Amino acid sequence: MAGPHGILNGTEIKVYTGSDLIMYGTSATLTINLATRETTGFHSQAWESCMEGTRSWSIDADGMYAWETDAGTNPKNGDYLFKQYIRNRNMVEVHFGTKDAESGDVRYFGNAYVTNLSMTGGTEDSATFSVSFKGSGILQLHET
């Protein structure tokens with residue numbers, strides 16, 4: 001597997017919608033689940049037993065909220081995510097991981113819906129946003 005060696009610096013983990021980096025990101029979490037199905041019966045001698053079930057995944061990300069980038073363009077943050085994916089009910093291809101020429105490219109990706117978006121502004125504090133993506137279908141692992 002190509003990619004970073006040793007302990008990965010969390011700053012290298014980024015979330016992309018398609019090829020667009022979610023701007024000013026500060027943290028990101030990829031959660032992968034395997035549900036189980038109950039198989040307990042007389043054969044299990046009063047011990048709970050189970051088998052594999054469906055798999056699911058989600059991505060949660062936080063970032064600094066901005067009206068425009070330093071270059072004067074619209075950043076890919078709360079407003080963009082709302083207009084493109086919540087208001088229009090569009091699915092998005094979302095990527096989670098590193099993208100670095102020196103260390104290689106290791107990313108998880110798949111199609112997802114934006115299921116939650118919150119934007120927060122405190123007195124004399126940086127405005128932030130949080131977004132949740134719920135995977136729909138297979139989560140792929142791309143390695144180069």
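The protein has one helix and eight strands, taken as DSSP runs numbered from the N terminus (helices H or I, at least four residues; strands E, at least two). Along the sequence they follow the pattern β-β-β-β-α-β-β-β-β. The model is predicted: local features need pLDDT of at least 70, side-chain atom pairs count only at pLDDT 80 or more, and totals for chains, interfaces and linings use all residues. Residues are numbered from 1 along each chain as its sequence is written, and side-chain values use heavy atoms, leaving out hydrogens and water.

Start with the overall numbers. Of the 144 residues, 28% are buried, meaning under 20% relative accessible area with a 1.4 Å probe, protein chains only. The protein exposes about 9500 Å², and carbon and sulfur atoms supply 50% of that area (Shrake-Rupley method, 1.4 Å probe). Contacts are heavy atoms within 4.5 Å. Among those with a separation of 6 or more, 60% join residues 24 or more positions apart.

The largest nonpolar core has 18 residues. Such a core is a set of buried Ala, Val, Leu, Ile, Met, Phe, Trp, Tyr and Cys residues joined through side-chain atoms within 4.5 Å. Val15, Ile59, Leu81, Val94, Val131 and Phe133 touch the most other members. At least two core residues come from each of β4 (50-64), α1 (78-86), β5 (91-100), β6 (104-120) and β7 (128-135). Leaving aside residues up to four places away in sequence, Ile59 touches Val15, Thr29, Leu30, Val94, Phe96, Val131, Ser132 and Phe133.

Turn to the helix. Gly78, Tyr80, Leu81 and Tyr85 of α1 are buried. They lie on the same side of α1 because they cover an arc of only 155 degrees around the axis, taken from the directions from the helix axis to the C-beta atoms.

Notes. Buried < 20%, exposed > 50% of the residue type's maximum accessible area, 1.4 Å probe, protein only.
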